[in-house]
Amino acid sequence: MHELGLCDALLRMVRDVAKKEALTHVEKITLEIGELSGVVPHYMTDCWTAVTDGTEYQDAALVIETVPGIASCMDCDKEFRIDLNSMRCPFCGSHSLTPVSGQDMLVKEIEAC
Ligand SMILES: [Zn+2]
């Protein structure tokens, strides 16, 4: 489960930011997870609870926003939201797709006081 590693990295990142910006109490972290990133949002929240348990961030909420996976078709040039089950172009049926967005996971916002 690589979500555990990602949460570990996220915790380190939040710590760095909190230190740099002298944030005393982080309340909420908003993550954007692309549908094509391979990261499962509910695993992230589970792992976040696990890695922050007993730390200064155990009360910090992890909010996840999903970014739709958009691809363009190399055969007919159309852009569309990828159906993860079929992974094909809904217009011409081609499997030659190039991802346009939704491949990344990024920290959108850290709310603190
Ligand atoms: Zn197509």
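Strand 3 and strand 4 (residues 79-81) pair in the antiparallel sense over three bridges, where strands are DSSP runs of E with at least two residues, helices are runs of H or I with at least four, and both are numbered from the N terminus. Two strands count as paired if DSSP finds at least two bridges between them. The model is predicted, and local features need pLDDT of at least 70, side-chain atom pairs count only at pLDDT 80 or more, while totals for chains, interfaces and linings use all residues. Residues are numbered from 1 along each chain as its sequence is written.

**Strands 3, 4 and 5**

- The bridge partner of Ala-71 in strand 4 is Phe-80, and the hairpin of strand 3 and strand 4 has five residues between the strands, with Asp-77 taking a positive phi near 70 degrees.
- Strand 3 is also joined to strand 5 (residues 97-101) by four bridges, and these two strands run antiparallel; Ile-70 stands opposite Ser-101 in strand 5.
- The covered face of strand 3 (residues 70-73) holds Ala-71 and Cys-73, whereas Ile-70 and Ser-72 form its uncovered face.

**The protein as a whole**

- The secondary structure comes to two helices and six strands, and along the sequence they follow the pattern α-β-α-β-β-β-β-β.
- The radius of gyration of the protein is 17 Å, well over the 13 Å that the globule rule gives for 113 residues, so the protein is more spread out than a compact globule; this radius is taken over C-alpha atoms, and the rule is 2.2 Å times the number of residues to the power 0.38.
- Taken along the principal axes, the C-alpha atoms fill a box of roughly 55 × 25 × 15 Å.
- Of the 113 residues, 20% count as buried, a term for residues with 20 or more other C-beta atoms within 10 Å of their own, while exposed residues have 12 or fewer and partly exposed ones lie in between, with C-beta atoms placed from the backbone.

- An open sheet of three strands has the order 2-1-6, with mixed pairing.
- Strand 2 (61-67) and strand 6 stand at the edges, each with a single partner strand, so one side of each is left without a neighbour in the sheet.
- Strand 1 and strand 2 run parallel and are joined by seven bridges, and the partner of Thr-30 in strand 2 is Val-63.
- Helix 2 packs on the sheet, where it touches strand 1 and strand 2, and its direction makes about 165 degrees with that of strand 2; axes are lines fitted to C-alpha atoms, for helices over the stretch in contact, and angles run from 0 to 180 degrees between N-to-C directions.

**Helix 1**

- Helix 1 (residues 3-20) has 18 residues and reaches 25 Å from its first C-alpha to its last, close to the 26 Å expected at 1.5 Å a residue, a span computed as 1.5 Å times one less than the number of residues.
- Glu-3, Leu-6, Cys-7, Leu-10 and Val-14 are buried in helix 1.
- These residues cover an arc of only 95 degrees around the axis, which puts them on the same side of helix 1; the arc is that of the directions from the helix axis to the C-beta atoms.
- On the other side, the exposed residues are Gly-5, Ala-9, Arg-12, Asp-16, Lys-19 and Lys-20.
- The buried residues of helix 1 pack against strand 1 (26-34), helix 2 (41-52) and strand 6 (105-112), with contact defined as C-beta atoms, placed from the backbone, lying within 7 Å.

Conventions
Contact = placed C-beta atoms within 7 Å.
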